[in-house]
Amino acid sequence: MDDPIVYIPMDRRFALAGGYTLADRTQGAALFVDISGFTALTEALVRELGAQRGAEELTRYLNLVYDAIINELHRYRGSVIAFAGDAITCWIEGDMGLRATACALAMQNAIQQFAAISTPAGSIVSLAMKAAVATGSVRRFLVGDPNKRVIDVLAGDTLVRLSNAEHQAQRGEVVLDKPSLEALGDNVQLLEVRHDPDGQQSVGVVQGMRYEVADAPWPSLDTSHLPDEQVRVWLLPQVYERLRQGLGNFLAELRPTVALFVRFTGIDYDQDAEAGHKLDAYIRWVQDIVDLYEGTLIDLNIGDKGSYLYTNFGA
């Protein structure tokens, strides 16, 4: 089995290679993709192959699926910002929704190849996805202790709207928030306009594009000259050490763990010029405390109901 693939946000790679930093205020399109069916696939593989072999086979499918949809993202010059469970948050710089919507539809086509996965014992498991697009301004931060791991973060009202839109999306759908609908106009064909229960936000369910959207793939980038130290800060120390020792094939494990979710508020991401510094200080403080108890800070998620941290103990 090939080594697990490490994804560093694409434009962060260009920033690293070029020796420049990214602006903390920017405009573009945020894309949220949520894949369903991995739980059923995990249970089937573990039941049929056992815990360790099942985990390794699951990793193979994870790589296949994420390769397929992330290839589409890179084809439209998008970046993976964060993984959260079975979902990824993506960013397309300078886009008003056209490339993001075309990308989401292309991802839906790409995942069709996994609509009926046959397990070793003959069980059939179906994977599917839903996607949401929101456009506007965001804050973009790089937070965390480089000795532990740095995290690329998008924050602000656009991410709140993205989260609200995602809640209204159903399996197999691509939905657009209201600003994206207004920006795209006749460029998209809609199945319906849907309203949330509170009537606070409407989304458009996309049937397709009226016109072909040209892709804009990232130019080739030689990252072989990047110093090891620059790459290391993006990985958890335990993962980095295993990869460095050539033990990437042994990263897949299935074991009992304890998850801790923490919700925090108090940072005005859109208006506070010091928001990035405050979030960075808070995340570093959390990393220090989690380290004391031998845990791992896995995810930072910013959405419609506040900001959340996912910490795991035991893995």
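**Group meeting talk: a walk through one predicted model**

Ser180 belongs to helix H6, which covers residues 178-184; helices here are DSSP runs of H or I with at least four residues, strands are runs of E with at least two, and both are numbered from the N terminus.

Good morning. Residues are numbered from 1 along each chain as its sequence is written, and side-chain values use heavy atoms, with hydrogens and water left out.

Let us return to Ser180. Is Ser180 buried or exposed? Ser180 is buried, because its relative accessible area is 0%. The word buried means under 20% relative accessible area, exposed means over 50%, and partly exposed lies in between, with a 1.4 Å probe and protein chains only. The side chain of Ser180 makes a polar contact of 2.5 Å with the side chain of Asp177. A polar contact is a pair of N or O atoms within 3.5 Å; within protein, one must be able to donate a hydrogen and the other to accept it, and residues adjacent in sequence count only if both atoms are side-chain atoms. Apart from its neighbours within four places in sequence, Ser180 is in contact with Val133, Ala134 and Thr135, where contact means heavy atoms within 4.5 Å.

Asp177 leads us to strand S8, residues 174-177. Which residues of S8 point one way, and which the other? Val174 and Leu176 point one way, Val175 and Asp177 point the other way, and all are buried. In a regular strand the side chains alternate between the two faces of the sheet.

Strand S8 has two partners to describe here. Strand S6, residues 128-143, runs parallel to S8 and is joined to it by 3 bridges; two strands pair if DSSP finds at least two bridges between them. With strand S10, residues 202-209, S8 pairs in the antiparallel sense, also over 3 bridges.

I turn now to charged side chains. How many salt bridges does the structure hold? The structure holds 19 salt bridges, each being a side-chain nitrogen of Lys or Arg within 4 Å of a carboxyl oxygen of Asp or Glu. In one of them, the side chains of Asp24 and Arg139 meet at 2.7 Å, N to O. This pair links distant parts of the chain, 115 residues apart: Asp24 is in the loop between helix H1 (10-18) and strand S1 (25-36), while Arg139 is in strand S6. Asp24 is partly exposed, as its relative accessible area is 30%, whereas Arg139 is buried at 2%.

A second salt bridge joins Arg53 and Glu57, whose closest N and O atoms are 3.5 Å apart. Because these two residues are 4 residues apart in helix H3, about one helical turn separates Arg53 and Glu57. Arg53 counts as partly exposed, with 41% relative accessibility, and Glu57 counts as buried, with 11%.

Another salt bridge is formed by Lys278 and Asp272, with 2.5 Å between the closest N and O atoms. Lys278 is partly exposed at 43% relative accessible area, and Asp272 counts as buried at 17%. Salt bridges that share partners also join Arg53, Glu56, Glu57 and Arg60 into one network.

Next, the backbone. Most residues other than glycine have a negative phi, and most peptide bonds are trans. Arg77, although not a glycine, has a positive phi of about 60°. Arg77 is in the loop between helix H3 (51-75) and strand S2 (79-84), and counts as partly exposed because its relative accessibility is 34%. Glu294 is not a glycine either, and has a positive phi of about 55°. Glu294 sits in the loop between H9 and strand S12 (295-303), and is exposed, with a relative accessible area of 72%.

Finally, the surface of the model. Which residues make the nonpolar surface patch of about 500 Å²? The patch is made by Trp285, Ile289, Leu292 and Tyr293. Patches are made of residues with over 30% relative accessible area and no salt bridge; like charges are joined within 9 Å, and nonpolar side chains (Val, Leu, Ile, Met, Phe, Trp, Tyr) within 5 Å. The accessible areas come from the Shrake-Rupley method with a 1.4 Å probe, and for residues only the protein chains shown count as cover. Ile289 lies in helix H9, residues 275-292, and counts as partly exposed at 32% relative accessibility.

Thank you for your attention.

Methods:
This is a predicted model: local features need pLDDT of at least 70, side-chain atom pairs count only at pLDDT 80 or more; totals for chains, interfaces and linings use all residues.
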